[in-house]
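Please look at the sequence and the structure below, and keep both in view while reading.

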Amino acid sequence: MESCGKEEPKGPVLHIVVVGFHHKRGCQVEFSYPPLIPAEGHDSNNLPEKWKYLPFLALPDGAHNYQEDTVYFHLPSLNEEMKCVYGVSCYRQIEAKALKVRQADVTRETVQKSVCVLSRVPLYGLIQAKLQLITHAYFEEKDFSQISILKELYDHMNGSLRGTTLEGSQVYLGLSPRDLILHFKHKVLILFKLVLLEKKVLFYVSPVNRLVGTLMTVLSLFPGMIEHGLADSSHYHCKSSISETPESPDPARISPSAGELNPKTDSKTDIIDATDGESSAFDHSDNHTSVADQSQPSASPQDRLQPHPPSHTSPDSSESDWETLDPSVLEAGEGSEGSVKHLEAESGEPITVQPKSVTGQGQLTQGLVSGLEEDQYGLPLAIFTKGYLCLPYMALQQHHLLSDVRVRGFVAGATNILFRQQRHLSDAVIDVEEARIHVDDPELRRMLSLSTADLRFSDFLLKHVTENREDVFLDGTGWEGGDEWIRAQFALYLHSLLASTLQQDNEKLLADYSSAFISAWKITHNYRVWFSNKHPAMAEITPGHPFQGQYSVADVKLRLSHSVQNSERGKKLGNAVITTSRSVVQTGKAVGQSVGGALTSAKSAMSSWFSTLAQPAVTSPAPDSTASKQ
């Protein structure tokens, strides 16, 4: 166990924790089983130093605005036995007058509490499903001193989850790539590339359940990432004193400037398209590049094809913490996959290889450099290692991590508006509600510009996802267009991308993925670690983009549609066209009604006139003849 006595058997669940909101002390731990600190009782409010942010993660910002919510979060390990601790918290609130036993410290009209599970395994959705039922039952007792149900939850979860393998659909329970594509459309591939480039990516939306679900769904597109790729994703350092962070953060760090209170809405902040086939190298002078990118400021194009370790390691620099690749190891991996032959696609049709489901990854081995459990293709990639963090939910008290020099980058989620306003601390801010990606750096926008082949891939996914939505009963139940099918497509995309990078003398092959993106990705930590090892199974993968092919008229339409939907100017033009179209339709209807009315009136008048002419004259009897007869 992390912090329990040795007599306790090791199970997937470490602790059951109850976090409440105190009217004077704020968020605090009210109960833990087993105790978070073994020497203290179950009702102790004290926390291990590395877990001092636990109350603020389990009871998120703005929780009082929702009756219930769910949070996923990560905590650092307390010892070397485990690395990342995965947290799932279910929040609820209840009116104080409804309590059967009202304690003296309950002074507000509502009582807010979270029941939290700290686990060794990343079974977010499965734990959430069980925890929601227990949390509901715990609140239905209306007496929070009844903790027996929480102890039973600990025993039940350790019994039912013990021996559970991190394979199959249970790992992805509650994570729907189908819904992600329907919401973000082609931008899902941009999010995928952002993570590959190890940039500082911040997701923003409320409530927290939607936030963490979107973020973890993006990560589920990477083969093996959730199962084995997050073990080192929470290795961060807390501030020395919690008094520096709780309710009065440093104004110099947190308070937004006048310019930041009005977020930019011009075209600079959106992903814009670059010319197809761009081959400019990654600009090392860019202020938005990570520490890893700056470690090779003067690398020549030939050097970029072969990764090298940093030239120096400083105790104050993050390189000393994460870049420890040995040159001999790197040289041994050079050209190891050079025997892979390139197969040209004969037409614009995609490579007709039916991808396999990614749930079964085959035999796993310990990565020599990454330290992760890897499959035969070297996946998952070592993205969340050596200072690159994954924080599904980030509390305001963790804001200092955005500017921590020991943090290479992050994929984090936040609900507090201050995170969104401090956009200079992130390379990309993802507005989940509006499905928008804000990027200020023009060089990064060029790297993320989707090539024609990428647009074909995104359009292919979107068409398969939307084609059967008319039938609500069969929607999403089939293989094609389903969640597992989408993950398999991204696995094929990543495999083909890796195989293509081994064909170093074929620039046309790499241009289908965007030359600017490839140049930047090759100097990231995750690619250098993958390239340093031999992966014989890559010989089975066909290099080249799955949707490579000749340029066609359909590609022009697709590019135009992408540009209009993605740029601010295009959106304004689209809105203007829609407004004009509506005006024309309304005017046409009005004119049609007027003209139609006039024609009807004219037709009626003509009909009356003709009918008058057609009728015989009616003669009245002469009055004099009548008189004569009399």
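Glu484 and Arg487 sit three residues apart in helix H15 (residues 483-501), a spacing of about one turn of the helix. Helices here are DSSP runs of H or I with at least four residues, strands are DSSP runs of E with at least two, and both are numbered from the N terminus. The model is predicted, and local features need pLDDT of at least 70, side-chain atom pairs count only at pLDDT 80 or more, while totals for chains, interfaces and linings use all residues. Residues are numbered from 1 along each chain as its sequence is written, and side-chain values use heavy atoms, with hydrogens and water left out.

The side chains of Glu484 and Arg487 form a salt bridge, at 3.2 Å from N to O. A salt bridge is a side-chain nitrogen of Lys or Arg within 4 Å of a carboxyl oxygen of Asp or Glu. Arg487 has a relative accessible area of 1%, so Arg487 is buried. Buried means under 20% relative accessible area, exposed means over 50%, and partly exposed lies in between, using a 1.4 Å probe and protein chains only.

The structure holds 15 salt bridges. Another one of them joins Glu49 to Lys52, with the closest N and O atoms 3.3 Å apart. Glu49 is partly exposed, because its relative accessibility is 48%. Lys52 is buried, because its relative accessible area is 5%. A salt bridge also links the side chains of Glu140 and Lys142, at 3.9 Å from N to O. Glu140 is partly exposed at 42%, and Lys142 is partly exposed at 23% relative accessibility.

Next comes the loop between H2 and H3, where Gln146 is placed. Gln146 has a relative accessible area of 37%, so Gln146 is partly exposed. Leaving aside residues up to four places away in sequence, Gln146 touches Tyr138 and Glu141. Contact means heavy atoms within 4.5 Å.

How far apart are the end C-alpha atoms of helix H3 (residues 148-161)? They are 20 Å apart, which agrees with the 20 Å that its 14 residues should span at 1.5 Å a residue. The expected span is 1.5 Å times one less than the number of residues. The buried residues in H3 are Ile149, Leu150, Leu153, Tyr154, Met157, Asn158 and Leu161. These buried residues pack against strand S1 (13-22), strand S2 (26-33), strand S5 (110-119) and helix H2 (124-140). After H3 comes Gly163, with a positive phi near 80°.
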